[in-house]
Amino acid sequence: EWELLKPVFEPEEPRGRGRPRIHQVRDLLDAIFYVIRTGCAWRYLPGDFPPWETVYSAFRAWSAKGCFEQTHELLVREWRVREGRDPEPSAGIVDIQTAKTTEKGGLEVTTARSGLVVESAISS
C-alpha cells in the first residue's frame with residue numbers, strides 16, 4: 001500500500017531549502033489516518049505518533065496541494081484494474097432530486113398574514 005501512495009506524498013524531486021525532515025512521511029500519514037478513523041481531536045493523538053502540530057501542518061499542506069484527491073483517484077483506478085475493469089470509467093450517472101414547493105414559494109407562504117386582526121387594548 002505504501003509503495004502505491006509514496007509517489008504522491010514523497011515525490012522524487014528534491015525538497016529544496018529548509019530544515020531536514022525529522023519524521024517519516026509514512027508516520028505522518030498513519031497519524032492522519034488515525035485521526036480520520038477514530039474521530040479524535042488532533043491534540044489527542046497518542047504519544048507514539050509525531051507531535052500533533054507537525055501532523056496537522058502536514059495535513060494542511062497536503063490538502064492544499066490536492067494530495068488526498070490524487071490518492072483517491074489513484075486508489076479508484078487501482079481498484080478498477082484489480083476488478084478487471086478499464087481504469088477510467090466509460091459512463092457516469094447524475095442523480096438530481098427535486099423538492100416540490102408551493103406556487104408562491106415557501107418563504108411567502110410561511111410569512112403571509114393570516115387575516116386575523118388583533119385590536120389594540122389601548123384606546124386613543
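The legends below describe close-up views of a predicted model.

**Figure 1. Overall fold of the protein chain.** The protein chain contains five helices and zero strands, and its elements run α-α-α-α-α from the N terminus on. Of its 124 residues, 17% count as buried. The chain exposes about 11,000 Å², of which carbon and sulfur atoms supply 52%. Among contacts between residues at least 6 apart in sequence, 42% join residues at least 24 apart.

**Figure 2. The aromatic pair of F9 and W62.** The structure holds six aromatic pairs. F9 is buried, its relative accessible area being 4%. W62 is likewise buried, with a relative accessible area of 8%. Ring pairs also place F9 and W62 in a cluster with W42, Y56, F59 and F68.

**Figure 3. The aromatic pair of Y34 and F49.** The rings of Y34 and F49 form a tilted pair, 5.2 Å centre to centre and with 45° between the planes. Because Y34 lies in helix α2 and F49 in the loop between α2 and α3, the pair ties together parts that are 15 residues apart in sequence. Y34 has a relative accessibility of 23% and therefore counts as partly exposed, since the buried class ends under 20%.

Figure 4. T71 is situated in helix α4, which spans residues 67–82. The residue is buried, with a relative accessible area of 8%. Apart from neighbours within four places in sequence, T71 is in contact with L5, V8 and F9.

Figure 5. About 330 Å³ of space lies in the second largest pocket. The pocket is lined by 14 residues, of which E1, W2, L5, F33 and L75 are the closest to its centre. Helices α1 (2–9), α2 (25–38) and α4 each supply at least two residues of this lining. The largest share, six residues, comes from α4. By class, the lining of the second largest pocket comprises eight nonpolar, one polar and five charged residues. L5, one of the residues closest to the pocket centre, is also a contact partner of T71.

Terms used:
Residues are numbered from 1 along each chain as its sequence is written. This is a predicted model: local features need pLDDT of at least 70, side-chain atom pairs count only at pLDDT 80 or more; totals for chains, interfaces and linings use all residues. Side-chain values use heavy atoms; hydrogens and water are left out. Helices (H or I, at least four residues) and strands (E, at least two) are DSSP runs, numbered from the N terminus. Buried means under 20% relative accessible area, exposed over 50%, partly exposed in between (1.4 Å probe, protein chains only). Contact means heavy atoms within 4.5 Å. Accessible areas come from the Shrake-Rupley method with a 1.4 Å probe; for residues, only the protein chains shown count as cover. On a 1 Å grid over the protein atoms alone, a cavity is a set of points where a 1.4 Å probe fits but cannot get out, and a pocket is an open set with protein on both sides within 12 Å along at least five of seven lines; lining residues have an atom within 4 Å of a point. Grid points are joined across faces, edges and corners, and a volume is the space filled by probe spheres set on the points. Ala, Val, Leu, Ile, Met, Phe, Trp, Tyr, Cys and Pro count as nonpolar, Asp, Glu, Lys and Arg as charged, and the others, Gly among them, as polar. Rings of Phe, Tyr and Trp (its six-membered ring) pair if their centres lie within 6.5 Å; planes under 30 degrees apart count as stacked, over 60 as edge-to-face and the rest as tilted.
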